[in-house]
Protein chains: 2
Amino acid sequence: MTEDTQIAPLIQQLARSYAAILQEQLKPLGLTPGQLPALQQLWSQDGKTQAALVAALQVEQATMANTLARMERDGLIERRKAAHDGRIRHIHLTAKARGLEAEAREAVMRAEAAFLAPLRPGQQKRLAEFLVVLAEGEQGSEGS
Amino acid sequence: MTEDTQIAPLIQQLARSYAAILQEQLKPLGLTPGQLPALQQLWSQDGKTQAALVAALQVEQATMANTLARMERDGLIERRKAAHDGRIRHIHLTAKARGLEAEAREAVMRAEAAFLAPLRPGQQKRLAEFLVVLAEGEQGSEGS
DNA sequence: ACCATTTCCATAGCGCCCTATACAACATGC
DNA sequence: GCATGTTGTATAGGGCGCTATGGAAATGGT
């Protein structure tokens, strides 16, 4: 029956499905899914610049600027301009954001677990391998 | 090193990556990725209602209404109200949209092929099986 | 010193997803 | 027959991704 299963649309659907699960887990914390990657970066090292976040997370600069604006509006971060270079703004977590780290980490783990629940651990591992190949093959596939 | 590879974010990234590839393939046709699912439904059977499209494609009703509004604006569809029931609007393709079917089909196949290129066919098949399990497990997991 | 370029960030505008709400048209109960 | 409920769409508003553009601060060449 299902001879051409159309993998790509499935992935898009799963991405939306996971976003919904994660959003539900994050709602009690007052966080949104899009804020998480930036928060994780800043939890590991506070004071990064926007350019550093853009480089670490694979999003466009404008996307990051907008996400940071929402996070500032929500009282999660402050942007302080560097003394020695007026272009650069270091992103600093507020006490509120620092206090959310443990709970957020648990929420992410719950979301990931719920998302992957239909697969057994061994299958999850093989799935991850395939996805990594796809992700690495997609960008800069040319060359060795 | 990579003990918890974080599968879900990978899927989100791949979904964005595929969207970019598909968008590039569709651009010459004047179509956008979000219009495709509705178009495919209508190519297979013209005149479906919005409710039928919502049921077939897994999106919210409001999302479909907005997508259809953009498609109407772009001259791809017409919405005609049913004679016997003033609530219902049958969605009909324009000649322009009908003429794009073959090219769009090829564009989708090219996008899918480019996306999956890093994996060999056998791996693609196993990946598809995993994803189907996830997709089916995610929605309505309760019951038999 | 100055002009051109580069670097870093912000803004405008759009696509597509969501929830919540509004509203018109049909269906039903009494 | 009329109020009540249900059904099919539309609208409002927001998140998060993108491209394109603008602007301010540093840098580099002459």
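How far does a polar side-chain atom of Thr32(B) lie from a phosphate oxygen of DNA strand C? The distance is 2.9 Å.

This is a predicted model, in which local features need pLDDT of at least 70, side-chain atom pairs count only at pLDDT 80 or more, and totals for chains, interfaces and linings use all residues. Side-chain values use heavy atoms, without hydrogens and water.

**DNA strand C**

| Residue | Distance |
|---|---|
| Arg16(A) | 3.0 Å |
| Thr32(B) | 2.9 Å |
| Arg73(B) | 3.0 Å |

The surface near DNA strand C has seven nonpolar, ten polar and nine charged residues; Asp, Glu, Lys and Arg count as charged, and Gly is among the polar ones.

**Chains A and B**

Contact (heavy atoms within 4.5 Å) joins 39 residues of chain A with 39 residues of chain B. The two chains bury about 3700 Å² between them, 73% of it on carbon and sulfur atoms. Buried area is the accessible area (1.4 Å probe) that two parts lose on being put together, summed over both. Between chain A and chain B there are zero salt bridges, a salt bridge being a side-chain nitrogen of Lys or Arg within 4 Å of a carboxyl oxygen of Asp or Glu.

Conventions:
Residues are numbered from 1 along each chain as its sequence is written. Chains are lettered from A and ligands numbered from 1 in the order in which they are written. A polar contact is a pair of N or O atoms within 3.5 Å; within protein, one must be able to donate a hydrogen and the other to accept it, and residues adjacent in sequence count only if both atoms are side-chain atoms.
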